[in-house]
Structure formats: structure tokens, C-alpha cells
Amino acid sequence: MGPQRSGSVPLPPSAPHRLLGSRAVSLPSASREPAGEPDDYLERRKLRRGSAGWLLLTGLGVAYVVSGDYSGWNFGLAEGGFGGLAVAMVLMGAMYTCMVFALAELSSILPTAGGGYGFARRALGPWGGFLTGTAILIEYVLAPAAISIFIGDYVESLGLFGLESGWPVYLACFVVFIGIHLWGVGEALRFSFVVTGIAVAALVVFALAALPEFDASSLDDIPVDSSALGASSWLPMGLLGIWAAFPFGMWFFLGVEGVPLAAEETREPARTLPRAIRWSMGILVVLALMTFFTAAGARGSSAIQDAGNPLVEALQPDGEATVLSRIVNYAGLAGLVASFFSLIYACSRQLFALSRAGYLPRFLSLTSSRRAPYLGLVVPGAIGFALAASTGNGARMLNIAVFGATISYALMSLSHIVLRRREPELPRPYRTPGGVLTSSVALVLACAALVATFLVDVTAAFIALAVYIVALAYFGLYSRRHLVAKAPEEEFAALAAAEAELARD
């Protein structure tokens, strides 16, 4: 039988042995905390407990994604037309739905800040944990950098304070919003919740304003490529266009998987996390359908396929700004801020967990007096700012982020399957509807989406692959021999190994 879990996050003491049943079983001891500070290692790496309930976490899940409703998804129209993007959105929506149900179960079993890394560590071992955690970091470091560029574009287009898009705006984004995170997680999540609420309300306003202009004949007005296999007015780029549109179908949901990263700062995580994940996904599905159909139907797929601000474009067919289009324009900026802000949070918690366990340099997991992982916020923020300021290529960075995301989705779905098969008796406060069939669907679709990234931007895919290879070399040559045994994710895995040893005996 697996170790019992409670509603709070268990942080076991660092004794080298555990008493399981009637026998003392030695846990793996190859990894140790830094010499000279074994007693206060975890004390210096604590997050603030009980800062968030299910409502704030639901807001966090929506915040990760909401900017994707305002822009980005429409470029999929140029890849697959309305029909191709519609099918891609449905398939990617199915992938995310299946995956979040699996994550809801996994987060109720292992409610730690490691999130996806912790799940894969338990199911797939240290290599699987590092592969997953690195993929998640690629997503969460690159996505905020890209969004900071988009924020700059919005600030310039709106004429705010006479500012132009450039490094001063990017720097202000990182400094101001990382500063709020350093202030405290409760304050950060409440700020995110308010901004996200504004962005969601504006999407509803947009849909109501665009609905009277809806014309079904405008949906399939993109010219047909007659040389493409299976081409039609609904699939102007043919059947392959569906596959090429996968990454853009993901933009309606990309990031929602980050909710479990708040586990150690959540009240009753085993109960709260599954509830928040499910509610977040439900809200995002409604917003995706509402936004996609009303935007394309109000103005036409052809008119918005290359627009940087498709919702505003849909509300001003003559190019003249209206009161509603300006409201939606400002709300689009709010949506970008919400996603930027929440993705910084997710990145810091994944980096914190990997560093605390020794997969990455341990100093990155130190926390401040306000229990914020200050280096886990500042270091990736500095990297993100440098990338934004030096390249200015937000689309390329988002494509790299999507590559990392799809790898993590496949590995997290596989982790659910492995744990269901290998540890069927593990206490599960929440169980995924459909069991391994559900996570198997997510796994297959995630692998298909991974391949699709090469169809859209092969350069971005190879850049992400190169980063991955460098990270794996670091792990293989150094950090796998210096893991911290007392880190929660490592202790969970060690307890599982010890119990398996008892079962064999």
C-alpha cells in the first residue's frame, strides 16, 4: 500500500531511514543536502502555506491562458483555414481536457511545488523528472519574454504615455511584476485574479458586440490551395493544414497545466487543486469557442488571419476605432498582463522545486523572509528580459515555448499511465474519469502536437532541442549525482522504492 497523504503538503524529516510496516528500510542515500547546513536546508526554502483557495487558483489557471484569446490563435487560420483551425482547436481542447483530468489526480497524490516534474519523478525516475521539468521551464521562461514584447506593441498602439515598444517597456514589465511577486504570493494571486477578471469580462463584451455582425459565409472566405490534398473552402490548405494548425489551437489553452505548481501554497491541496484545474479548463473551453466563432464570423477569417489584434480588427471593419473596440483593446493589454504575471509565477515555482531537489543549482531555491523564491523570480526574469530586448521576436519565442510544452504534456500523461499501472493501490483523493484511456488520448495528441511544431517553425523547434540537449548534458554529467534526498519529490519517490522493496521481499 502506498504512503498515506493528508490534505496538507507533507515535508518528511530528513532521517536516512523510514519504518515501513515492521521493518526499517534504508532509503536511497546517494543524494544528500549540502554539507554544513543539513538542519536548515528546507527551512531556508519554504513557501508561504495556505495562501490560496480554489477560487484564486481557478483565476490563476485562466490567467495563464487568457492572453491567447486576444491574439495568436488567429495565425492558425493562415495555416489551416477556418475548418483546419476549428478541428485543431477541438483536438487540442480534447488533449488539454484529458490531460488536466490526469493532472487533477496526480496533484491530489503528490501536492508539491514540483508539479509536472514531481509527477514524472515519481513515475519515470530522476531522468523522467528532469526531462519534464526542463520542458516546463523552456515553456515558462520563453512565454513571458514573448508576452513582454506583445505588451510593448499594445502600449505603443494605444499611445499610452507616448511610449514605443522597446527594451524600456520590457524592463518595466519584468521589474514591476516581479516586484509584486516578491511582495508575497497572496498579494500576487489577488492582483492576477483582478486583472484576469477584467480580461474575461471584456471577452464577453466582445462576443456580445460581434454577434450581431456574425455571418456564416465569412467563416470560409480564405482562398483555396487547389494543389493541397483534401482542399476545400473549409480546409483551404487541405488535410495537412489541420496538423499545421495544432500549435495555434493550443493557444486557447496553453499554460493551464501550471495550476499544480501552487500546491505548497494552497489550502487543502489534495481537494483544492483538482477542483481549480477542472473549473479553469471549463471556463477556458467556453471562452475559446465564444471568441473563435464570433471573431471569424463578424469580420471574416481572411481579414483577421494575419492581424496582431484580431478582436479589435473584428470590431472595426472600416478601420475606424469605436468605443467598444478601444475597450477590447485595453482589455487585451490586461489579458497580456495577466498571462505574463502568472507565467512568471509558474516559472519561479518550477525552478524552485528543481533547484530545491538539486537538479539545478541549489541557491536558486532560497526564499526571502516573505517566503518568495527571490532568485527563482529574478534569474529567469533577467533571462527573459535579455531575450526580449535582444531579439524582439515574440512569435519565435512562443513557438519554442510550445515545443517545450508539448514534451511536458506527453511525459505528464505518460506519468499518469505508469502510476495507474504500477501503483494501483496508491491513495487517490481524486480519480481521473476514464482512467488510463483518458491520459492515453492526451499522450497521443501531445505527440502529434510536438511533431506539428516542426511544420510551423522548424528553426524554433531545433533551438528548443538544442537547449534541451545542453540541459540534459548538465544533468547527466553533474546534477544527477548531487540530488537532495530530503526534497519532498525525492522523498516521495524514495518511499515508493522502499515499499516496492518490501513488496518484493
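Helices here are DSSP runs of H or I with at least four residues, numbered from the N terminus. The notes below concern a predicted model.

1. **Overall make-up.** The chain has 17 helices and 2 strands. It holds 505 residues, and 60% of them are buried. Contacts were also sorted by sequence separation. Among those with a separation of 6 or more, 83% join residues 24 or more positions apart.

2. **Loop between H12 and H13.** Arg 371 sits in the loop that links helix H12 (323-356) to helix H13 (374-391). Its phi is positive, about 60°, although Arg 371 is not a glycine. Is Arg 371 buried or partly exposed? Its relative accessibility is 25%, so Arg 371 counts as partly exposed.

3. **Loop between H8 and H9.** Glu 268 has a phi near 45°, and Glu 268 is a residue other than glycine. The residue lies in the loop between helix H8 (246-250) and helix H9 (269-299). Glu 268 is partly exposed, at a relative accessible area of 46%.

4. **H3 against H15, geometry.** Helix H3 covers residues 75-109 and helix H15 covers residues 436-456. Their axes come within 8 Å and cross at roughly 135°. H3 and H15 are therefore oblique to each other. Angles over 145 degrees would count as roughly antiparallel. The crossing of H3 and H15 is left-handed.

5. **H3 against H15, residues.** On the H3 side, the contact uses Leu 91, Met 92, Ala 94, Met 95, Cys 98, Met 99, Phe 101 and Ala 102. On the H15 side, the partners are Thr 438, Ser 439, Val 441, Ala 442, Leu 445, Ala 446 and Ala 449. How many of the residues in the contact of H3 with H15 are nonpolar, polar and charged? There are 13 nonpolar residues, 2 polar ones and no charged ones.

6. **H4 against H16, geometry.** Helix H4 (residues 116-158) packs with helix H16 (residues 458-477). The axes come within 10 Å, and the crossing angle is roughly 140°. H4 and H16 are therefore oblique to each other. Here the crossing is right-handed.

7. **H4 against H16, residues.** H4 contributes Pro 126, Trp 127, Phe 130, Leu 131, Thr 132, Thr 134, Ala 135 and Ile 138. H16 contributes Ala 464, Val 467, Tyr 468, Ala 471, Leu 472, Phe 475 and Gly 476. By class, the contact of H4 with H16 has 12 nonpolar residues, 3 polar residues and no charged residues.

8. **H15 against H16.** The two helices H15 and H16 also pack on each other, with axes 5 Å apart and an angle of about 125°. That angle makes H15 oblique to H16. From H15, the contact involves Thr 453, Phe 454 and Val 456. From H16, the contact involves Val 458, Ala 461 and Phe 462. The residues of this contact of H15 with H16 divide into 5 nonpolar, 1 polar and no charged.

9. **Val 436 in H15.** Val 436 belongs to helix H15. Its relative accessible area is 19%, so Val 436 is buried. The cut-off matters for that call: buried means under 20%. Which residues does Val 436 contact, once its neighbours within four places in sequence are left aside? They are His 416, Ile 417, Arg 420 and Arg 421. Leu 419 is 17 residues from Val 436 in sequence, and their C-alpha atoms are 9.6 Å apart.

10. **Leu 450 in H15.** Leu 450 is also in helix H15. At 23% relative accessibility, Leu 450 counts as partly exposed. Neighbours within four places in sequence aside, Leu 450 is in contact with Phe 403, Thr 406 and Ile 407. Ala 405 and Leu 450 are 45 residues apart in sequence, with a C-alpha to C-alpha distance of 8.5 Å.

How values were computed: Residues numbered from 1 in each chain as written. Predicted model: local features only at pLDDT ≥ 70, side-chain atom pairs only at ≥ 80, totals over all residues. Heavy atoms only, no water. Buried < 20%, exposed > 50% of the residue type's maximum accessible area, 1.4 Å probe, protein only. Contact = heavy atoms within 4.5 Å. Axes fitted to C-alpha atoms, helices over the stretch in contact; angles between N-to-C directions. Parallel < 35°, antiparallel > 145°, perpendicular 65-115°, else oblique. Left-handed = near helix turned anticlockwise from the far one by under 90°. Nonpolar A, V, L, I, M, F, W, Y, C, P; charged D, E, K, R; others polar.
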